[in-house]
Amino acid sequence: MSPTAANRDKIDSAYWGRRRENLIRSGWLARHLDNNGRGQRMEIYPVDQAHVPEARRRPTLSQRTLTVRYMWVDLVDAWAKKDADTVDEIWDDVISDLDSDYGAYAYVSSVGISG
């Protein structure tokens, strides 16, 4: 007899939750992202403006890529503690490297991390 679909979803959720906790607790995630000080490439995807009235839309924004260094330990720690204020402060530091586009990427739809 196999578990029901609902129970499989609960098992899957519990597994991935525990895995996330273990990666954070062991320090592996922060070390991996820090990459011995070399950091990781981050792809930043702008907010989807499809539902924003045209008069209020920003000019078309493109995906941006940059290498993030030296803040991964603090970012993973803040994320693990669900400290949104610290995550926001770190995000502001990350996007400050975008120079004039800084404000356009304060809110994004998603980020991707290579490595």
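Select Ala30 to begin: this residue is found in helix H2. The model on the screen is a predicted one. With a relative accessible area of 12%, Ala30 falls under the 20% limit and therefore counts as buried. Next, show the residues around Ala30. Setting aside neighbours within four places in sequence, its contacts are Trp72, Val73 and Val76. Draw a line from the C-alpha atom of Ala30 to that of Val76: the two are 6.1 Å apart in space, although 46 residues separate them in sequence.

**The helices H3 and H4**

Now display H3 and H4 together. Their axes come within 8 Å of each other and cross at roughly 150 degrees. An angle over 145 degrees counts as roughly antiparallel, so H3 is roughly antiparallel to H4. The crossing of H3 past H4 is left-handed. To see what makes the contact, select Asp74, Leu75, Ala78 and Trp79 on H3, and then Thr86, Val87 and Ile90 on H4.

Follow the chain into the loop between H3 and H4, where Lys82 lies. Lys82 has a positive phi of about 55 degrees, although it is not a glycine. Most residues other than glycine have a negative phi. Is Lys82 buried or exposed? Its relative accessible area is 70%, which is over the 50% limit, so Lys82 is exposed.

A second residue of this kind can be selected in the loop between E2 and H3, namely Tyr70. The phi of Tyr70 is near 65 degrees, again a positive value in a residue other than glycine. Tyr70 has a relative accessibility of 67% and therefore counts as exposed.

**The sheet**

Turn next to the strands. An open sheet is formed by 3 strands in the order E2-E1-E3, and the pairing is antiparallel. Which strands are at the edges? They are E2 and strand E3, residues 108–113, each of which pairs on one side only. From one strand to the next, the twist averages 25 degrees. Strands of a sheet pair through backbone hydrogen bonds. Between E1 and E3, the antiparallel pairing extends over 5 bridges.

**Ile44 and its surroundings**

Select Ile44, which stands opposite Val111 in E3. Which residues does Ile44 touch, not counting those up to four places away in sequence? They are Ser62, Gln63, Arg64, Leu66, Trp91, Leu98, Tyr105, Val108, Ser110 and Val111.

**The nonpolar core**

The last stop is the largest nonpolar core, which has 19 residues. Select Met42, Ile44, Val68 and Val94, the members that touch the most other members of this core. Then colour the elements that give two or more residues to the core: helix H2 (28–34), strand E1 (40–46), strand E2 (64–68), helix H3 (72–80) and helix H4 (84–95). The largest share, 4 residues, comes from H4.

Note on methods: Residues are numbered from 1 along each chain as its sequence is written. This is a predicted model: local features need pLDDT of at least 70, side-chain atom pairs count only at pLDDT 80 or more; totals for chains, interfaces and linings use all residues. Side-chain values use heavy atoms; hydrogens and water are left out. A nonpolar core is a set of buried Ala, Val, Leu, Ile, Met, Phe, Trp, Tyr and Cys residues joined through side-chain atoms within 4.5 Å. Buried means under 20% relative accessible area, exposed over 50%, partly exposed in between (1.4 Å probe, protein chains only). Contact means heavy atoms within 4.5 Å. Two strands pair if DSSP finds at least two bridges between them. Axes are lines fitted to C-alpha atoms, for helices over the stretch in contact, and angles run from 0 to 180 degrees between N-to-C directions. Angles under 35 degrees count as roughly parallel, over 145 as roughly antiparallel, 65 to 115 as roughly perpendicular and the rest as oblique. A crossing is left-handed if the near helix is turned anticlockwise from the far one by less than a right angle, and right-handed if clockwise.
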